[in-house]
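Please keep the sequence and the 3D view at hand while reading.

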Amino acid sequence: MYRFFPPYSDYRKLIYHLKGCQGLRSKGSLPFTSIVSAAKVCGAASESPSVKSLRLLVADQDFSFKAGQWVDFFIPGVSVVGGFSICSSPRLLEQERMIELAVKYTNHPPALWVHNTCTLDSEVAVRVGGEFFFDPQPADASRNLVLIAGGVGINPLLSILRHAADLLRERANKRSGYEIGTIKLFYSAKNTSELLFKKNILDLVNEFPEKIACSLHVTKQTTQISAELKPYITEGRITEKEIRDHISKETLFYICGPPPMTDFFSKQLENHHVSKEHICFEKWW
């Protein structure tokens, strides 16, 4: 779902306009958060041949998000509003006022701007939306997490994974805070070059070997898999049996990827009597 605004020559005018448009609706017809913040691009990198990551410095001190949420991305001079999932943890925003996004190359005008026009110090505006998130409170019951990602659907799940790691560090350092269970990430892409953030993921697996595990799947691999990745790689799609082996009453399932994949796993989990309240998914459209 796209929204159109007249072109803006200055991002401050854009923010002024947006603050007067709080009745607008987000993806899925959910209300927007009230915070619209200016943000400046302070870092960029190629995560794969088709995906570029951005690091944004967020101006408004009241701007916040929950792990798994996305931002509407307003670009001066671009009439279409982008919607990109945040892949960083809330802790990074709290400590450094930064958020990270990863944007796949498409003909969608905001994605084209990110890949072809965006430079360091480019100024945009952002606003958080979405009800796909993991935000446990210290007194909540301990839960295991199973994260199921396809392609660029890793973005919100990486945010959740990084948030889980922050909770583990807090628990280890302070002996307080939310006590999380185990976390298992299943992540599928065409080939290893399209497996985004694989070093970040494996760093967390190595930091918390008793808590975090991953299974990386490739469906169209044509080159040799590197030695450091090979122990974690399975050739072929994520299977229903792999997911079924992790079902328990203490487990929450988060799914993000192409709609057929999301539909398949959410339906399979329901068929195996997983409560709908324990199945969270984000669909692309």
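## Strand β11

Strand β11 is mostly covered, as 7 of its 7 residues are buried. Here, buried means under 20% relative accessible area, exposed means over 50%, and partly exposed lies in between, with a 1.4 Å probe and protein chains only. Both faces of β11 are covered: Thr251, Phe253, Ile255 and Gly257 are buried on one side, and Leu252, Tyr254 and Cys256 are buried on the other. Strands (E, at least two residues) and helices (H or I, at least four residues) are DSSP runs, numbered from the N terminus.

The model is a predicted one, in which local features need pLDDT of at least 70 and side-chain atom pairs count only at pLDDT 80 or more, while totals for chains, interfaces and linings use all residues. Residues are numbered from 1 along each chain as its sequence is written, and side-chain values use heavy atoms, with hydrogens and water left out.

## The parallel sheet

Strands of a sheet pair through backbone hydrogen bonds, either parallel or antiparallel. Two strands are said to pair if DSSP finds at least two bridges between them. β11 belongs to an open sheet of 6 strands in the order β10-β9-β8-β7-β11-β12, with parallel pairing. Its edge strands, β10 (233–235) and β12 (279–283), each pair on one side only. Neighbouring strands in this sheet are turned by 15° against each other on average, direction ignored; the axes are lines fitted to C-alpha atoms, for helices over the stretch in contact, and angles run from 0 to 180 degrees between N-to-C directions.

Strand β7 (residues 144–150) runs parallel to β11 and is joined to it by 6 bridges. Leu145 stands opposite Leu252 in β11. Strand β11 (residues 251–257) also pairs with β12 in the parallel sense, over 5 bridges. In β12, Cys280 stands opposite Tyr254, and Phe281 is the bridge partner of Ile255.

## The antiparallel sheet

Another open sheet of 6 strands has the order β4-β3-β6-β1-β2-β5, and its pairing is antiparallel. The edge strands β4 (82–85) and β5 (98–104) each pair on one side only. Neighbouring strands of this sheet are turned by 40° against each other on average, direction ignored.

Strand β1 (residues 37–48) and strand β2 (residues 51–58) pair in the antiparallel sense over 8 bridges. Val51 in β2 is the bridge partner of Ser48.

## Helix α4

Helix α4 (residues 154–174) has 21 residues and reaches 30 Å from its first C-alpha to its last, close to the 30 Å expected at 1.5 Å a residue. The expected span is 1.5 Å times one less than the number of residues. Because 15 of its 21 residues are buried, α4 is largely enclosed by the rest of the structure. Arg175 follows α4 and has a positive phi, near 60°.

## A pocket in the model

On a 1 Å grid over the protein atoms alone, a cavity is a set of points where a 1.4 Å probe fits but cannot get out, and a pocket is an open set with protein on both sides within 12 Å along at least five of seven lines; lining residues have an atom within 4 Å of a point. Grid points are joined across faces, edges and corners, and a volume is the space filled by probe spheres set on the points.

The second largest pocket has a volume of about 480 Å³. Of its 18 lining residues, Gly150, Gly151, Ser188, Ala189 and Pro258 lie nearest its centre. The elements that give two or more residues to this lining are β8 (183–189) and α7.
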